[in-house]
Amino acid sequence: MKKFTLIGFVVFCLFLFYAAYDLGYVVKRDFGAPPSSMDDRIIGSYNSTTGEWEYGAVNETGANNAVTSVVFDYRGYDTLGEATVLFTAIAGVMLLFGGRKHE
Amino acid sequence: MSDEKMSVIVQTIAGLLFPMVLIFSFYVILHGHLTPGGGFQGGAIGASAVALLIVAYGSKTIEKKVAEENLSIFESLGGIVFVVVAIAGFILASAFLSNFLVGEPLFGQIPGWGESPLNSGGFLPILNIAVGMKVIGGLSAIVLMLALVSREVKEQ
């Protein structure tokens, strides 16, 4: 059993090393630096002469944070479903323990 | 925990920390469309503030201040705001959950490069506040209810 744990740990470390090596471009970019060409398709292209975003998430939703614009705008149904999951969990807890409190 | 309250030192420090944690939670919720974070994350921070108070002061004291039914009502209010804003997108614009406030003067400023104003993002801040209300109310209600019930089970 201990041998399997060790092998699993080694495989996990190799996976972490590979992921860090493969995603190295994320680390190399400076904080706040202009986006690369891949992010350009998502966030949009900023025209410095007119001072406006030409296409992409910032132009369409007006939010500086592209993650929030995905979570609440492009994938709003997903967030609504998550809120429903939370509501169901609270309803379950209230149903299980709500009557017990007043005994 | 067999004894309900913790010592006076812990209670004082928890009372001092509670408003700061709550303010940080509101900051994360309100700046969800500008900085990392959002409704879920800020709501979890706020619920952890309530959990801190429950650990320090005991669940019975906190229940006298705020009943978990009221927290549940607060949570449902957030859900209603979310759905109403989504249906308003269906009525005022093209589709369900479409961002109908972009371009409007109140919330719809499209930011330039760099810092952007707080009133940008269309209806994203409203949805962030709604989800923050949901998560603060819901997680606080769950933590408070479980603390009350576990105390009663210990007493029996």
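**Helix packing between the chains**

Mentor: Helix α6 (residues 76-97) of chain A packs with α4(B) at an angle of about 155°, their axes lying 11 Å apart. Please bear in mind that this is a predicted model.

Trainee: How are the two helices α6(A) and α4(B) oriented to each other?

Mentor: In general, a packed pair of helices is described by the angle between their axes and by the distance between those axes. Here the angle is about 155°, and angles over 145 degrees count as roughly antiparallel; α6(A) and α4(B) are therefore roughly antiparallel to each other. Their crossing is left-handed.

Trainee: Which residues make the contact of α6(A) with α4(B)?

Mentor: From α6(A) come Gly76(A), Leu80(A), Ala83(A), Phe87(A), Ile90(A) and Met94(A), and from α4(B) come Ser72(B), Glu75(B), Gly79(B), Phe82(B) and Ala86(B). By class, the residues of this contact divide into 7 nonpolar, 3 polar and 1 charged.

Trainee: How many residues does each chain bring to the contact of chain A and chain B?

Mentor: Chain B brings 35 residues and chain A brings 28 residues. On the side of chain B, α4 and α5 each supply at least two residues. The largest share of that side, 12 residues, comes from α5(B). The side of chain B that touches chain A has 17 nonpolar, 15 polar and 3 charged residues.

Trainee: Let us turn to a single helix. How does the span of α2(B) relate to the expected one?

Mentor: Helix α2(B) has 19 residues and reaches 27 Å from its first C-alpha to its last, close to the 27 Å expected at 1.5 Å a residue. Its buried residues include Phe40(B), Gly42(B), Ile45(B) and Leu53(B). Among the elements that cover the buried residues of α2(B) are α1 (8-30), α3 (59-65) and α5 of chain B. Just after α2(B), Gly58(B) takes a positive phi of about 90°.

Trainee: Why is Gly42(B) counted as buried?

Mentor: The cut-off is 20 or more other C-beta atoms within 10 Å. Gly42(B) is buried because 25 other C-beta atoms lie within 10 Å. Among the residues that Gly42(B) touches are Ser25(B), Val28(B) and Gly132(B).

Trainee: What is the phi of Leu97(B)?

Mentor: As a general idea, most residues other than glycine have a negative phi. The phi of Leu97(B) is near 65°, a positive value in a residue other than glycine. Leu97(B) is found in the loop between α4 (68-92) and α5 (124-155) of chain B, and it counts as buried, with 24 C-beta neighbours inside 10 Å.

Notes. Residues numbered from 1 in each chain as written. Chains lettered and ligands numbered in written order. Predicted model: local features only at pLDDT ≥ 70, side-chain atom pairs only at ≥ 80, totals over all residues. Buried ≥ 20, exposed ≤ 12 C-beta atoms within 10 Å, placed from the backbone. Contact = placed C-beta atoms within 7 Å. Helix = DSSP H or I, 4+ residues; strand = E, 2+ residues; numbered from the N terminus. Expected span 1.5 Å × (residues − 1). Nonpolar A, V, L, I, M, F, W, Y, C, P; charged D, E, K, R; others polar. Axes fitted to C-alpha atoms, helices over the stretch in contact; angles between N-to-C directions. Parallel < 35°, antiparallel > 145°, perpendicular 65-115°, else oblique. Left-handed = near helix turned anticlockwise from the far one by under 90°. Lists of a residue's contacts leave out its neighbours within four places in sequence.
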